[in-house]
Amino acid sequence: MIAALYTQGKGLRFGDAPAPVIGDDELLVRVEGTAICGTDVKIVHHGHRKLRDGQTIILGHEFVGVIERAGARVAGWRAGQRVGVAPNMGCGHCEMCARGLGNMCPDYSAFGIDRDGSHTELVRIPAAALAQNLVTPLPAGIQPQDGALAEPLSCAVNGIRNARVASGDRVVVYGAGPMGLLNMMLAAVSGAAEVIAVDIDDARLKLAEQIGATATINSKRQPVPQWVAEHTRGRGVDVVICAVPVPQLQQEALGILAPFGRLCLFAGWPKGAAGVPLDTNPIHYKNLVVTGMTGGCASDYATALRLIAERKINVAAVVSDVFPLSRVEEAYAAALSGKRMKVVLVAEAAR
Ligand SMILES: [Zn+2]
Ligand SMILES: [Zn+2]
């Protein structure tokens, strides 16, 4: 089967991979739609700490598909059912796993990270994924290219919850890339009265406007603190989401928050980034909350699928390219160019 293969220390190649064989407690899922993530691009450039040198995996952790075959001992699932699969499997017995937070397990394993993923035709779903409720039936009517976005949306569900976005809030989102836009739409759905998009790219800000941002700031032309001071009469905003990996923005974000404001550091810094010294007095004097997030848990994933099915979040707005799986190499070229929004692969039959 066609696959995007990554070998630690060697890099990316496209080729033939043998179809996976499943055990009696496992599922075989035929991929219908799967997206390329910033994490995939990071792995191609820098490898991943969970991979051994020379280890090869099929990339891809954002996917939906249809059950091709269910193992003999698998109860409750059958061939032909459409499913979405959340990628992060925990060890199953630590404190985080006991709370259903596989994404927070120190010993997690994930599709397309340290085991074969979805940028191919068939994926083996191990028993642990079923035990941890990572497999969710797809609500009717979800298109494969939309369902593929449930995983990144689940990360935004996690981040927006941590930032406690509430009714009437003013929310600033730094970065109008795909994750920034998903955060903006979700902030609006969560009751934000104003959603202010910040970027240095006018085309992306235009997109932000189209998906409902109430204001846009090109921070190359206008300093954000000045805009916020004028627009809020010096009060500041309630929530800042940093969806762009620029350490310098941390200080700026603390400065534009109102008392009791919340900052979510949604994007991680590039590996080896030095970070910046931080004056933490704004946290002290303004009673701020600083939080972060990594991935989403099984219930965040189910929430994301529901939001897509109910058309509360228009995930299609953040997709710039849809390729058939046979053109996976072109799809990666587009994603690696860094100039696209979300790039999605779909099975030929699903187009
Ligand atoms: Zn991802
Ligand atoms: Zn665990």
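I started with Glu 62 in this predicted model: at 1% relative accessibility it counts as buried, because the cut-off is under 20%.

Cys 37 sits in the loop between strand S3 (27–36) and H1, while Glu 62 is in strand S5 (residues 62–70), so the two tie together parts that lie 25 residues apart in sequence. I checked Cys 37 too, and it counts as buried at 13% relative accessibility.

Then I went to the other zinc, ligand 2. I found four cysteine SG atoms as its protein donors, from Cys 91, Cys 94, Cys 97 and Cys 105, at 2.3 to 2.4 Å. Their spacing along the chain is C-x2-C-x2-C-x7-C. I got angles of 106 to 113° among the four donor atoms, and the site is tetrahedral. For reference, the ideal angle for four tetrahedral donors is 109.5 degrees. Of these cysteines I noted Cys 94 and Cys 97 as buried.

Last, I looked at how H1 packs. The axes of helix H1 (residues 38–46) and helix H12 (residues 328–336) come within 10 Å and cross at roughly 90°, so I put H1 down as roughly perpendicular to H12. From H1, the contact uses Asp 40, Val 41, Val 44 and His 45; from H12, Tyr 332, Ala 335 and Leu 336. I sorted the residues of this contact into five nonpolar, one polar and one charged.

Notes: Residues are numbered from 1 along each chain as its sequence is written. Chains are lettered from A and ligands numbered from 1 in the order in which they are written. This is a predicted model: local features need pLDDT of at least 70, side-chain atom pairs count only at pLDDT 80 or more; totals for chains, interfaces and linings use all residues. Side-chain values use heavy atoms; hydrogens and water are left out. Donors are N, O and S atoms within 2.8 Å of the metal (3.2 Å for Na, K and Ca); water is not among the atoms, so sites may look incomplete. Four donors count as tetrahedral if all angles lie between 85 and 135 degrees; four count as square planar and six as octahedral if opposite donors are over 155 degrees apart and all others between 65 and 115; anything else is irregular. Buried means under 20% relative accessible area, exposed over 50%, partly exposed in between (1.4 Å probe, protein chains only). Axes are lines fitted to C-alpha atoms, for helices over the stretch in contact, and angles run from 0 to 180 degrees between N-to-C directions. Helices (H or I, at least four residues) and strands (E, at least two) are DSSP runs, numbered from the N terminus. Angles under 35 degrees count as roughly parallel, over 145 as roughly antiparallel, 65 to 115 as roughly perpendicular and the rest as oblique. Contact means heavy atoms within 4.5 Å. Ala, Val, Leu, Ile, Met, Phe, Trp, Tyr, Cys and Pro count as nonpolar, Asp, Glu, Lys and Arg as charged, and the others, Gly among them, as polar.
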